[in-house]
Amino acid sequence: MQVTLIDENPIAASMARLNVPQFFGQRFAGGLHDKSLMVERARAANEALAEAEAMGVDVQLGTCVWGAFRNSESSRVLDGPQLGLADNERSWLMKYDRLIVAAGARDLGLAFAGWDRRGAMAANGAYSLMRRYQALASQRMVVLGSGNLGLSTARMALDRGVDVAAVVDVSRSVRGDEAIVATLRESGVKLFTSHTVREAVGGNGEIESVVLVEIDDNCQPVAGSDKVIAADTVCLAVGLVPNVELLSLLGCDLSFEPELGGYVPDRDDWMRTSVESVFVAGDVAGFHDGMVLDTETARNQGRLAGIAAAKSLGAIDEAEAIARRSDLQAAAIDSKPTDTYANWIRWLQALLNAGGSEVFACPCEEVTCADLIDLRPPRFLDWETERTSPPSLKALAKDAPVNPDQVKRLTRAGMGHCQGRLCREQVALLLAEASETDVADMPVMSYRPPVRPLPLRVMWPHDESEQVRNEWAKWFSPTQQVLG
Amino acid sequence: MPVNRADVVVIGAGVSGLSSAYFLARAGKDVVVVDKGIVGGEASGRNGGMVSERVDEPLLIPLAVEATELWTTLDEELGYPTEFTQEGRLQVAVTEAEMGDLLAERDVALRHGIDVEVVEPSAIRDMIPGITERTLGGLFFANGGHANTQLTVQAYAWALQDLGGRLYQNTTVTGLRVVDGRVASVETTAGDLAAEFVIGAAGPQTGLLADLAGVHVPVAPARVEILATAPVEPRFPIALVGNGLYGHQAVRGNLIFGGGAHEWTDVDLTTSPGKPNTPLIRNIARRLAELLPGAADVPVIRSWAGVVEQAPDYRPIIDILDCPSNYVVVTASAHGFGISPATGKVVSELVLHGESSIDIRGLGLDRFSGVGRGWRQERGWSPVPQRA
Ligand SMILES: Cc1cc2nc3c(=O)[nH]c(=O)nc-3n(C[C@H](O)[C@H](O)[C@H](O)COP(=O)(O)OP(=O)(O)OC[C@H]3O[C@@H](n4cnc5c(N)ncnc54)[C@H](O)[C@@H]3O)c2cc1C
């Protein structure tokens with residue numbers, strides 16, 4: 001079988017600056033601009049790439065998938081399913097028979113005062129900068145989250161010579177692995193449980209110190225408990241969210257699974273989604289904190305998806321597929337999730353209580369938590385009302401759960417250049433809370449292509465057909481229906 | 001649903017339905033609006049936001065000119081911001097043929113007393129920073145403009161509610177009960193509603209809805225695509241048409257441009273049609289980069305699609321019917337956003353007085369009396385068959 005493996009790493013520095021696809025917080029070294037160096041490092045960081053290449057897999061690094069197109073009831077113009085791909089210079093389309101989406105997870109964004117400053121980042125961004133690129137430019141870090149995600153981030157940072165000042169959690173005790181905790185303590189890392197961040201402060205848009213505050217059982221800050229910690233980096237490591245945007249574009253059924261990080265694809269026990277040609281593997285299929293220390297689960301899911309895809313194309317027969325699958329059974333395919341969303345909600349509550357609601361829920365568009373909840377028009381409109389009872393979320397929620405797309409278009413929260421990556425979950429949680437709805441009942445904020453910000457000149461179709469070029473319609477014309 | 005009676009029931013919370021509802025409520029009517037989805041969830045919240053005098057369609061000029069006037073005070077009228085910006089609309093030509101079309105449009109405009117002016121390429125470059133050197137000239141309409149689609153449609157909705165009008169989102173119309181030549185009640189997923197007048201403003205579902213009352217309203221649904229970039233400097237407030245695209249720069253700074261082929265599609269009465277994008281967005285991106293080379297490095301951050309409604313002659317249908325005699329058809333033929341303030345005004349006048357102060361000759365349903373049920377197939381306006 002002809003197999004192509006596409007991975008967007010190494011990503012361009014221009015993307016990293018937009019906090020795409022992870023929250024890098026501008027703390028990357030200049031080396032990120034050197035593409036060939038980054039390719040070298042990304043390869044070195046992942047031996048399986050060379051292994052795959054040796055087996056004849058066409059490995060395309062530095063290539064992102066920004067779109068996934070497929071015919072449906074309401075669009076029939078394509079001559080088969082296809083992906084939109086791009087590197088830093090150009091874009092192209094690629095057809096496939098089977099697709100395995102192993103797009104991982106992205107950083108959960110949670111707002112605190114100062115999280116729009118340089119130096120606020122998150123675990124996956126930090127991991128990428130440390131492991132893949134060796135380009136993390138942080139001196140002293142405070143890590144938020146004491147689950148395995150936070151603990152591993154702290155340990156990795158220590159290993160790379162970053163001074164880790166503190167690991168902070170709103171929970172009463174440390175959430176993650178005791179052995180890592182012991183190592184961290186030995187290295188002098190302070191662990192603050194029942195604490196949250198009040199703000200990150202500094203000059204010139206930088207972070208120079210972090211103010212922590214103790215919280216009580218109701219997530220309320222304890223007066224007089226503020227502690228100022230010098231640090232140039234605050235790393236959010238509270239959670240990761242499955243990267244389901246391509247699956248959403250493909251029309252795969254998604255279900256809200258709070259323990260697995262939100263919306264995850266429905267799948268059978270062969271990792272096949274509701275769309276026959278699409279399989280999933282790894283964090284994209286659902287992520288929880290236990291998986292940080294157990295990379296075997298994701299790997300096995302990948303093996304299984306590969307076996308299933310091969311079987312579905314007739315490359316191996318049913319008996320062989322079943323035999324190969326039973327080899328995997330010894331290792332876990334599913335591991336036991338934790339209280340993912342409940343933990344996030346507690347964090348959000350504590351941050352709001354400590355930092356107030358004038359914090360940007362959506363840093364790209366500068367929409368505060370209060371703007372969102374009050375459905376305020378964008379601030380740049382300078383709109384004032386004398387109304388005593390302006391429109392409210394509760395009124396919107398009267399007939400049915402608030403639709404985040406509707407609120408997005410009214411307030412602009414989630415409409416910025418990071419494409420809602422940083423604020424989606426938080427916006428949904430805030431809306432759910434303010435409208436007294438269960439977040440599980442709210443429709444998902446839509447995903448649209450390109451799922452990476454792509455310059456016009458990159459999106460430019462060098463393969464544009466004469467027909468599309470010449471038969472273009474400015475608006476309606478009867479002859480110009482279906483092209484392509 | 002707490003009420004089962006109203007003076008007027010409006011079906012569809014898009015710009016056409018909500019503007020109609022607003023003007024009726026302002027005139028003192030007790031109005032209920034129902035929509036199977038959210039306010040502006042379909043074309044009305046997903047369009048290009050362009051407002052123009054429709055010189056391309058002379059029969060529409062009176063309605064469109066009235067709209068451009070109503071727009072100038074719409075924010076104050078409704079009490080909510082729409083981001084309406086009336087700095088004009090510039091159509092540029094990049095080919096000789098297009099230049100010829102522009103000059104012909106100018107002549108129509110002048111004949112109708114519309115404020116229009118031919119502009120030279122050098123002036124165009126001053127008006128739109130970063131525009132291509134390839135323009136041969138342009139036509140500037142002083143009263144054109146653009147607005148924010150969702151803010152606008154929501155502004156109508158909130159203004160309606162402020163006047164005591166009721167709005168039920170996520171409430172689907174499933175039937176129209178006709179008794180003695182009148183729509184006696186509207187059947188919805190939240191119960192029946194009875195009213196003196198019923199307004200069918202269901203966008204691409206307008207035809208299916210009218211079928212329930214035994215009336216044939218020829219409207220073909222089509223899917224169209226559009227994209228938005230990240231905010232970009234410098235700004236231009238003028239609505240821009242050229243190189244096969246139409247669009248504008250939002251107040252926030254994003255370039256919002258659409259164009260290209262549409263795809264005929266089928267919708268059903270009670271569900272929201274799928275609205276996927278296709279690789280066509282790359283072709284739009286190219287045309288935008290050609291039109292505004294200065295913006296070629298700006299990232300596209302999203303695209304979307306919407307389903308529009310199209311009558312056989314590309315013109316709106318606004319009509320109060322003979323039978324059922326209390327049923328009003330309102331559908332815009334894919335240009336409904338810009339004309340929406342005038343649409344609502346006309347509909348309210350039709351309901352209140354049986355006639356409109358605005359010249360809407362040529363927008364009645366009777367012009368399609370000869371159009372049979374098979375018209376879409378005959379015109380080739382049906383979806384292509386599904387491929388394997
Ligand atoms: C990409 C795009 C760009 C466009 N650009 C422009 C532009 O620049 N300028 C311009 O003037 N126009 C533009 N248009 C066209 C414009 O958006 C439409 O003409 C206009 O929004 C139509 O408004 P409407 O209220 O008639 O219909 P819609 O907005 O379609 O609203 C109809 C409503 O009826 C509801 N409905 C349907 N069936 C039922 C039922 N059974 N029960 C209850 N509710 C029901 C639907 O849910 C929907 O909300 C564009 C359209 C698109 C898609």
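## Two helices of chain B

Helix 2 of chain B and helix 9 of chain B are roughly perpendicular to each other, a label given to angles of 65 to 115 degrees. Their packing angle is about 100°, and their axes are 7 Å apart; axes are lines fitted to C-alpha atoms over the stretch in contact, and angles run from 0 to 180 degrees between N-to-C directions. Helix 2 covers residues 61-72, while helix 9 covers 336-353. Helices (H or I, at least four residues) and strands (E, at least two) are DSSP runs, numbered from the N terminus.

From helix 2 of chain B, residues including B:Leu63, B:Leu70 and B:Trp71 meet residues of helix 9 of chain B, among them B:Ile339, B:Pro341 and B:Val346. Contact requires C-beta atoms, placed from the backbone, within 7 Å. The residues of this contact comprise 9 nonpolar, 2 polar and 2 charged. Ala, Val, Leu, Ile, Met, Phe, Trp, Tyr, Cys and Pro count as nonpolar, Asp, Glu, Lys and Arg as charged, and the others, Gly among them, as polar.

## Basis of the model

This is a predicted model, in which local features need pLDDT of at least 70 and side-chain atom pairs count only at pLDDT 80 or more, whereas totals for chains, interfaces and linings use all residues. Residues are numbered from 1 along each chain as its sequence is written, and chains are lettered from A and ligands numbered from 1 in the order in which they are written.

## Surroundings of the ligand

Around the ligand are 42 residues, of which B:Gly12, B:Gly14, B:Gly203, B:Gly306 and B:Gly336 come nearest; a residue is near if its C-beta atom, placed from the backbone, lies within 6 Å. By class, the shell holds 18 nonpolar, 20 polar and 4 charged residues.

The ligand lies between domain 1 (5-49 + 150-218 + 313-379) and domain 2 (89-143 + 220-310) of chain B, because both give residues to its shell. Domain bounds come from an automatic or database domain assignment.

## Contact of the two chains

The contact takes 50 residues from chain A and 60 residues from chain B. On the side of chain A that touches chain B, there are 29 nonpolar, 13 polar and 8 charged residues.

Strand 22 of chain A and strand 17 of chain B run antiparallel, joined by 2 bridges; strands pair if DSSP finds at least two bridges between them. Here A:Pro455 has B:Pro299, in strand 17 of chain B, as its bridge partner.

Terms used:
Angles under 35 degrees count as roughly parallel, over 145 as roughly antiparallel, 65 to 115 as roughly perpendicular and the rest as oblique. Two residues are in contact if their C-beta atoms, placed from the backbone, lie within 7 Å.
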